[in-house]
Amino acid sequence: SLQDCACCGAYISKSPDVWKAFMCHNLGANEAADPFKPSAEIHGAMYKWGTGEVALSAAENLDPANNSGGTTWWAGKGGTVPTTSDDWDMTNANPCPPGWKVPSNADWENVLSSNTLYRTNDGGSSWVAGTQSSGWTNSATNYSTGLKIGDALVLPAAGLRYDSGGSLSYRGSDGYYWSSTASGSNGRSMYFHGIGHVLTNGTRSYGCSVRCLSE
């Protein structure tokens, strides 16, 4: 059907075909920027697991002065991380707009298994199916890498913020996207890098990207 805006999303099943809408940008990113070309403008904000508050805005995340973080500084960011074994509370602590949610671990698993995955290391002009390591370097100024899922979803390799002080790491070499699923005292996340992808546990006080899925 005709749409009045750019549509982003991916298959969550291929038997039968089921396509689900994702937001085109990471939370906090510049929504005027091209969502299909990795750049600093689409890296967006960082969130701690289970909270509805932003830990680092996009501007703070891109500011070189914040790359080294600081224990006291990071502890005061992003609200209180939940300590129960419950999943992320999408009723009271959902960082996504109305009608959207943080994908569950199962959502991410279905997306990864139902789509062709491509990678880029040159700002999005040339996507390569399968694995790719060239250009996926850990650098505070590397904004040119990302994972393309199917034909209509691009996730930049925005790295993460460490739980101990919020220092930046893995920008350009890795992407960490929260799921809403708990795993003991950790939160599950979808993690990708230049040579693969995996669903993994992450310390809840890490700062990771959030890409919202339609409810």
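**Notebook: cores, sheet, salt bridges and disulfides**

I started with the largest nonpolar core, which has 18 residues, and found that Leu-27, Trp-178 and Val-210 touch the most other members. Strand S10 (residues 174–183) gives the largest share of this core, 3 residues. For my own reference, a nonpolar core is a set of buried Ala, Val, Leu, Ile, Met, Phe, Trp, Tyr and Cys residues joined through side-chain atoms within 4.5 Å. Buried means under 20% relative accessible area, exposed means over 50%, and partly exposed is in between (1.4 Å probe, protein chains only). Strands (E, at least two residues) and helices (H or I, at least four) are DSSP runs, numbered from the N terminus.

A reminder to myself: this is a predicted model, where local features need pLDDT of at least 70 and side-chain atom pairs count only at pLDDT 80 or more, while totals for chains, interfaces and linings use all residues. Residues are numbered from 1 along each chain as its sequence is written, and side-chain values use heavy atoms, with hydrogens and water left out.

Next I looked up Val-210. Leaving aside neighbours within four places in sequence, I found Val-210 in contact (heavy atoms within 4.5 Å) with Asn-26, Leu-27, Tyr-47, Cys-96, Val-102, Tyr-177 and Trp-178. I also noted a second, separate core of 17 residues, with Val-111, Leu-117, Tyr-177 and Phe-192 among them.

**The open sheet**

Here I traced 4 strands in the order S5-S4-S6-S7, with antiparallel pairing. Two strands pair if DSSP finds at least two bridges between them. Which strands stand at the edges? They are S5 (128–129) and S7 (153–156); each has a single partner strand, so one side of each is left without a neighbour in the sheet. I then followed strand S6 (residues 146–149), which is joined to S7 by 4 bridges.

**Salt bridges**

How many salt bridges are there in the whole structure? My search gave 3, counting a side-chain nitrogen of Lys or Arg within 4 Å of a carboxyl oxygen of Asp or Glu.

- Lys-14 meets Asp-17 at 3.4 Å, N to O; Lys-14 is partly exposed at 43%, and Asp-17 is partly exposed at 48%.
- Glu-60 pairs with Lys-77, their closest N and O atoms 3.0 Å apart. Glu-60 is in helix H1 (residues 58–62) and Lys-77 is in the loop between helix H2 (71–75) and strand S3 (100–101), so the pair ties together parts 17 residues apart in sequence.
- Lys-101 meets Asp-107 at 3.3 Å, N to O; Lys-101 is partly exposed at 24%, whereas Asp-107 is buried at 14%.

**Disulfides**

I found 2 disulfides, taking pairs of cysteine sulfur atoms within 2.5 Å. Cys-8 and Cys-24 have sulfur atoms 2.0 Å apart, and the torsion about their S-S bond is about 100°, so this disulfide is right-handed. Cys-8 is buried at 3%, and Cys-24 is buried at 16%.

Cys-96 and Cys-212 form a disulfide with sulfur atoms 2.1 Å apart. The torsion about their S-S bond is about -90°, so this disulfide is left-handed. The pair ties together parts that are 116 residues apart in sequence. Cys-212 is buried, with a relative accessible area of 0%.

Cys-208 is buried at 1%, and Cys-7 is partly exposed at 35%.
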